[in-house]
Amino acid sequence: MTYHPKSDFLSVVIERGFLADCTDYQGLDEALIAGVVPAYIGYDATAASLHVGHLLNVMLLRWLQKTGHKPITLMGGGTTKVGDPSFRADERPLLTPAQIDANIDGMKQVFAKYLTYGDGASDALMLNNAEWLDGLNYLDFLRDIGRHFSVNRMLSFESVKSRLDREQSLSFLEFNYMILQAYDFLELNRRYGCLLQMGGSDQWGNIVNGIDLTRRVLDHDIHGLTTPLLTTSDGRKMGKSQGGAIWLNGDMLSPYAFWQFWRNTTDADVGRFLKLYTEMPVDECNRLGALGGAEINDAKIVLANAVTTLCHGAEAATAAEATAREVFEKGGVGDDLPTLALTAAEIGAGISIVQLIVRAGLASTGKEAKRLIADNGARMNDAPLTDAGLVLGAADLSDPVKLSAGKKRHALVTLAG
């Protein structure tokens, strides 16, 4: 990256590692210097919470606002009814309008932690593309918008091509998605003066479509910027863990489990993650990331505390660290461990240890739980678990049982009253 920006926002984006590509560095830089730039990222409402995979772009919106510009969080109340086919092997399950609205309500709770919404020049806007998509007349839309799209060009986009190359079905419904996303950018520019769309690098084709459509229909110059699709240094997709998605809503994943995810960061990722997911000065991020030996573990605690404070508040971060110290250093149980509460009816005549490990989120399948036991990676109340056939009754759970997978992942199983 040889471009040297003059605007604060582009400087932050480049220095902290947020940038994958930009449609026009100089043009965007000049717009950012000239005044407040409204910029959007779109989020389809496919779940009741955002997860860690979304956090990079949420932080990007936060930096946009901190440098004086206007973030727009566009909820896909309309496009969720279609589903983005980008780099997917199959069609998304279709959700009802009620499910979509409930998911949007859950996602709003996360955005409110990172962005300031309101009526001020740089206050964030929460919009829903159902506002303009739900009322579209199909024939008018084909005539006014569809005529600007070449099917030959649409077929050449990598997200579509990869699906067709694998001879996987791509429905006409999904094929329309890129036209709808381009139309979102046009409408946001027309209605709200939006000048920039941002997203992961897999959205590049969709973003370019929106810029091209807006130029053809309104003769306006607008911009696109993408972020890298992150994988951890050991090749895993960012945000995936053995227990499932790392949700940002506290009622879907406890703050302690969230803190633990960051505390378990691979050594090689610490400096990079500090720059992307915290607001600490870049020099300090680099210093902490370069530590070795036992000191890198202290840097991981700094990372976990900073990210958890942004998402769940300082008290939750402090409590999570205290619980971790009690669990790891003193062999205690800790008050804040993820807890699975079972009723006597659920336990019945007994429940297998394999099922408990899965239900506690320490393994995703029974097969994985059995392998964990066979590899001496599972413990119950800090004692090694060797019998995959063990069955526990209600009496065994009259006191909380602590289950552990490896040294770092723990959960409590209790008997509900």
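Start your tour by selecting aspartate 144: at 36% relative accessibility, this residue counts as partly exposed. What you have open is a predicted model, in which local features need pLDDT of at least 70 and side-chain atom pairs count only at pLDDT 80 or more, while totals for chains, interfaces and linings use all residues. Residues are numbered from 1 along each chain as its sequence is written, and side-chain values use heavy atoms, with hydrogens and water left out.

**Salt bridges**

The term stands for a side-chain nitrogen of Lys or Arg within 4 Å of a carboxyl oxygen of Asp or Glu. How many salt bridges does the structure hold? The count is 14.

Now go to helix H14, residues 282-289, and pick glutamate 284 and arginine 287, which sit three residues apart, about one helical turn. (Helices, H or I with at least four residues, and strands, E with at least two, are DSSP runs numbered from the N terminus.) Glutamate 284 is partly exposed at 27% relative accessibility, and arginine 287 is also partly exposed, at 45%. The closest N and O atoms of their salt bridge are 2.9 Å apart. While you are looking at charged pairs, select Glu131, Glu187, Arg190 and Arg191 together: salt bridges with shared partners join these residues into one network.

**Along helix H11**

Select residues 204-218, which make up helix H11. H11 has 15 residues and reaches 21 Å from its first C-alpha to its last, close to the 21 Å expected at 1.5 Å a residue. The expected span is 1.5 Å times one less than the number of residues. Color the buried residues of H11, among them Gly205, Ile207, Ile211 and Leu213. What do the buried residues of H11 pack against? Show helix H7 (151-156), helix H10 (177-192), strand S5 (196-200) and strand S6 (223-227), and you have the partners. Contact here means heavy atoms within 4.5 Å.

Stay in H11 and pick out arginine 216 and aspartate 212, four residues apart, about one turn of the helix. The two form a salt bridge, with the closest N and O atoms 3.1 Å apart. Is aspartate 212 buried or exposed? At 16% relative accessibility, aspartate 212 counts as buried, whereas arginine 216, at 46%, counts as partly exposed.

**The cavity beside it**

Rolling a probe the size of a water molecule over the atoms shows where empty space is left. On a 1 Å grid over the protein atoms alone, a cavity is a set of points where a 1.4 Å probe fits but cannot get out, and lining residues have an atom within 4 Å of a point. To find the place, select His148, Phe149, Arg153, Asn209, Asp212, Leu213 and Arg216, which line the cavity. H11 gives the most to this lining, with four residues. Color the lining by type and you will see two nonpolar, two polar and three charged residues.

**Positive phi values**

Move on to aspartate 219, in the loop between H11 and S6. Aspartate 219 has a positive phi of about 60° although it is not a glycine, and its relative accessible area of 64% makes it exposed. Then jump to asparagine 376, in the loop between helix H19 (366-374) and strand S11 (378-380). Here too phi is positive, near 60°, in a residue other than glycine; asparagine 376 is exposed at 60%.

**Last stop: alanine 47**

Finish in the loop between strand S2 (38-43) and helix H3 (52-66), where alanine 47 lies. Alanine 47 is buried at 18% relative accessibility. Which residues does alanine 47 touch, not counting residues up to four places away in sequence? Show Asn103, Met107 and Trp247 to see them.

Conventions: On a 1 Å grid over the protein atoms alone, a cavity is a set of points where a 1.4 Å probe fits but cannot get out, and a pocket is an open set with protein on both sides within 12 Å along at least five of seven lines; lining residues have an atom within 4 Å of a point. Ala, Val, Leu, Ile, Met, Phe, Trp, Tyr, Cys and Pro count as nonpolar, Asp, Glu, Lys and Arg as charged, and the others, Gly among them, as polar. Buried means under 20% relative accessible area, exposed over 50%, partly exposed in between (1.4 Å probe, protein chains only).
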